[in-house]
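Here is a short report on a two-chain model.

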Amino acid sequence: MLFLRKVLFYIFLLLYVVICPLAILYAFGFILTPGQEESVVKTGLIYVSSAPSGAAIYLDAKDTTQKTPATLQQILPGKHTVLLTMKDYKPWVYSADVKANEPTVVDNILLIPYQWPISPLTDDAFSDLIPIPGNPYFLLKKGDFLKDYSVYNWKNGTLQPLIEEDSLYQGAKVLSYTTVENSSPILFRLKTKGAKPLFLLIDPSADKAVIEDITSLLSADPGRITWDPKDATQLFTLKGGNCNLVDVKNMAVYPKYLQGIRGLGLYQKQIYILKDDNRLFRMNFDKGGKEELLDDPDLGSSIFGDKGKLLILPMTKRIIMFITEDGELLSNHLPYVFVREGVLGTEFYPDDEYLLIWAKDRIGSLDFSVEEAEDVTFEKGPRLMWRYTGGKNINQCFWAYDGSSILFKDNEGVSLLERKAFKKSYLTQIVKVKPHSSAYYSEDSGALYYLDPSSGGRLYSVQILPQGRALIVTEQKDKKDPEEKQEKQEKQVKRK
Amino acid sequence: MKFHYSRHGLRGRARSLERLFEIMPGAMSWSILIGMSILAVKRPLIAAVVMIAFYIYWLLKLIYMNIFLVISYLRLSVEEQTDWIAQAKGVKHLDSYLKEIKSKKPVKSFKRFISHFAHYQEVVDLKKSNAAIPSLEDIYQLIIMPVVSEAQDIIEPGIESFFKGHFPAKRILVVMALEERASEEAKKGVYAVQKRYKEKFLDFLVVVHPNGLHGEARVKGANATYAGREAARYLKRKGIPFENVISSCFDADTVVSPNYFSCVSYYYIITPDREHASFQPIPVYHNNIWQAPGFARVLDIGSSFFQLIESTNPEKLVTFSSHSMSFKALVDIDYWPVDMISDDSAIYWKALIHYDSHYRVVPMYVTLSMDVTEAENWWKTAVNVYKQKRRWAWGAENLPIVFRAFLKLKGISKLKKISLGFKLLEGHLAWSTWSFLLTIIGWLPAIFATKKYSESIFYYSAPRIAGMIFTLASVGLVVCILLSLLLLPKKKVKHNILKRVVHAFEWLLVPVISVFFSALPALDAQTRLMLGKYMEFWVTVKKRK
């Protein structure tokens, strides 16, 4: 037994000494190619994932027998063609440039189905859809009065009026409304018989909407109103360089709370202000903890100059964007000015620090995650890449599928665009929406909500992300009869 | 070598060394765990490489151990049919016996062939040693059974098993080592058992160990030592030479197999240097195996497996739990330590040091059964199991004493010191860290992957390699499941098949069980030792339904 033990011990020791380094080298992408010029070759790998998963993977026209998500290892450096196929989905092709010792990540590929799964959600027709991003609901409106507004909760598929039938605000006409991303209340500006409009802060998140009349706290024309999503009881109004603080909880107003302001932004319960002298500050709501973020008037002047009023959009503590009235996009990162004009909106994807930017005719992205190399003589800063330049009237954009794709609305068409510039960005039109209405995409449910033009404005949804991939599976109440559904799907196919 | 096997009463350099070595296992364990965690956060690529190297080492060790587990189990099953008495008697006339077994016809059964071959080798080794061979008729068994709170229904089955075996009960001296502080119920139970079974044995003594003797801690070893001294006086009075006595110190719940004493007698006779040897059986936990919760069952079967594996390496085998040894050796080394909890392993180290490394443990392929730790409900059982495993892990208290002794001991080669010391240290480190590395820390590099690491090939290939390793390791788990089913008691119980199927699935909980009921108590014990928070003896609650 002792002899056997000793023999086995040395055998296993030898095995370890041999296997361990081989396994580690294999993990680093080295393979042995005996008989060739280089007996040890550095390889790369391709990581592929898709939604839905389970797509067959072909590499250079050969079946790898693997399905997504998968790691294809021991790939020799060079160009390789990756093809994904799956039943009921269009094939997806990509030309991968594999480098030695580096992974080529082809992840979050959203496979495009031959037929998008579309479901009607309401019997009623509406004139517009009002997104309230970051909430499990949005508004639908039929007319201009408050009684015409309804709340659709996509989590549980319920539709109910915004205010109760017996509410004294039923007959009020809506002049405008303000929403803040990730905040549940909506501020309505309503027409009254008097000169001063009515301001109602309505929070539909509870079973019964909570209505706060804050008319007494605001002037007839308070200017721009905003609040921090973490605290909707503290509103900030900005007009003519003066900022008022409106404390809804205590029904108090602090006029000229901040003065001499060109721009205002809120982030994580802090105020960002750009003063008239081009100095940028950050402070708490109570003005405590004041920090000067830009104390160089010359630099401030060169960046902000005579650009008038600005909208300050802090994306993170270190990334701050500014948009002028002309749509010029600026940042606290070099080269400071990114787009000269025309920017209509931005959407930040925090996980990858990617900023989506859109103008009327194009969509681009800024990557703030790339760190500048230390030996660079001229710092370039984040690179703006225009992903799509064929737009006509792009008015809405959404990140989809973990920031890998972009949904955008151009006039009445909603299309899907891949973010990563693979071979060439895949662009697919999905649906058409009712004219002059908005659409809404929720990453949680993976569905796009829109008003269908062919039915006069009924609310529909199209499942962009496969059901298993969406965070929340919602009940889709299919109220349509099978014939109508078939007709609808045929129309969708024809449009493509 | 004269060496005071205790951490008490040390001064100067000895005290400093003792503390240094007490701190060592805990400090090393924590360094490994914290160090790997920090490495996983700060340098996830390096941590991932280290983890892959560790996984491969662990897999190979698992396969290596599984090979010996199977071999050991086969040997155990082979020896189930062995007539130890006949073999022990035959050895008395060594030359003729040797001829007889050499000329015996080849056995058809492979099992019998193995047994025959092993026996033949043992007889040859005895012949070569020219050692005196005692007669089986001259061998006596001394059983010392410490009792502190165990009820009669726990003790009695063990007593019954002593006289129901193949070894003549009239040559067995039973000594119940009863603590003065024992409960009245326990005391009643012991005296009742004495009354009932006294006539069956050579004698049945009850030795009451007084409380608070100077220099003693409240440990089982102190109780056993007091009883051992009384037993020595008794044997002297009876004129029984210590060389002819095999002493066994059994837990109160120990039930021996029918051929235990005949087996230990055989090994005592066949071992050339028998007075410098302990005899280690394979402990199983069958007394209440079906009543105990699954996780406790899996743990104790794992202990049996560990002993099966260790028995294949007698050069480094250390005594564990209930076992036997030469009574002469026990007297020579002045019995068990009276201030240490881990008396079962300490006795081996004490003897090894006393005899200048001229001492060994002989593995015996025979079982004795004990209770799986159990309590009124699942939670209390979990607490009891945790405490028991912590007490077992407190065996790390031997490490500083052994290391100090090795620094002084001249009669042992440096290589052997390093080998034994390394095994002792490595065993405790593996016990307290491996489960954490495998189940928790191994995943940290992926969780805390920096951008740089997540953009490396290793980030993608490491999980694949780890997956392959764990898949291969699951083969080892299947082996364990099969062996555990084979090792289960043959006695028919209600829902036998169902119980066995459920038991097989219980092994899937090993990753969780090993963290909370093996690694964590071990880390707890080492940390207490490191901080100087010495543990009082906590008697494992034994309860049968």
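The C-alpha centres of domain 1 and domain 2 of chain A lie 30 Å apart. The assignment places domain 1 of chain A at 1–42 and domain 2 of chain A at 43–114; such bounds come from an automatic or database domain assignment. Five residues from domain 1 of chain A and seven residues from domain 2 of chain A make the contact. Two residues are in contact if their C-beta atoms, placed from the backbone, lie within 7 Å. On the domain 1 side, three of the residues are nonpolar, one is polar and one is charged. Here Ala, Val, Leu, Ile, Met, Phe, Trp, Tyr, Cys and Pro count as nonpolar, Asp, Glu, Lys and Arg as charged, and the others, Gly among them, as polar.

The model is predicted: local features need pLDDT of at least 70, side-chain atom pairs count only at pLDDT 80 or more, and totals for chains, interfaces and linings use all residues. Residues are numbered from 1 along each chain as its sequence is written, while chains are lettered from A and ligands numbered from 1 in the order in which they are written.

**Sheet**

Chain A has an open sheet of three strands in the order 6-3-9, with mixed pairing. Strand 6 (70–75) and strand 9 (103–110) of chain A are at the edges; each has a single partner strand, so one side of each lacks a neighbour in the sheet. From one strand to the next, the twist averages 15°. Strands (E, at least two residues) and helices (H or I, at least four) are DSSP runs, numbered from the N terminus. Two strands pair if DSSP finds at least two bridges between them. Strand 3 (residues 44–51) of chain A runs antiparallel to strand 6 of chain A, and four bridges join them. Opposite Gly44(A) stands Ile75(A), in strand 6 of chain A.

**Chain B against chain A**

Helix 18 (residues 457–487) of chain B lies across strand 3, strand 6 and strand 9 of chain A. Its direction is at about 75° to strand 3 of chain A. Axes are lines fitted to C-alpha atoms, for helices over the stretch in contact, and angles run from 0 to 180 degrees between N-to-C directions. Helix 18 of chain B has 31 residues and spans 45 Å from its first C-alpha to its last, close to the expected 45 Å. The expected span is 1.5 Å times one less than the number of residues. Buried residues of this helix include Phe458(B), Tyr459(B), Cys480(B) and Leu487(B). A residue is buried if 20 or more other C-beta atoms lie within 10 Å of its own, exposed if 12 or fewer, and partly exposed in between; C-beta atoms are placed from the backbone.

Overall, 22 residues of chain A are in contact with 20 residues of chain B. Helix 1 (2–27), strand 3 and strand 6 of chain A each supply at least two residues on the chain A side. The largest share, 11 residues, comes from helix 1 of chain A. That side divides into 15 nonpolar, five polar and two charged residues.

Most residues other than glycine have a negative phi, and most peptide bonds are trans.

| Residue or bond | Value |
|---|---|
| Thr68(A) to Pro69(A), cis | omega near -5° |
| Leu334(A) to Pro335(A), cis | omega near 0° |

Pro69(A) sits in the loop between strand 5 (62–67) and strand 6 of chain A. Thr65(A) lies in strand 5 of chain A and is exposed, with 9 other C-beta atoms within 10 Å. Asn108(A) lies in strand 9 of chain A and is buried, with 20 other C-beta atoms within 10 Å.
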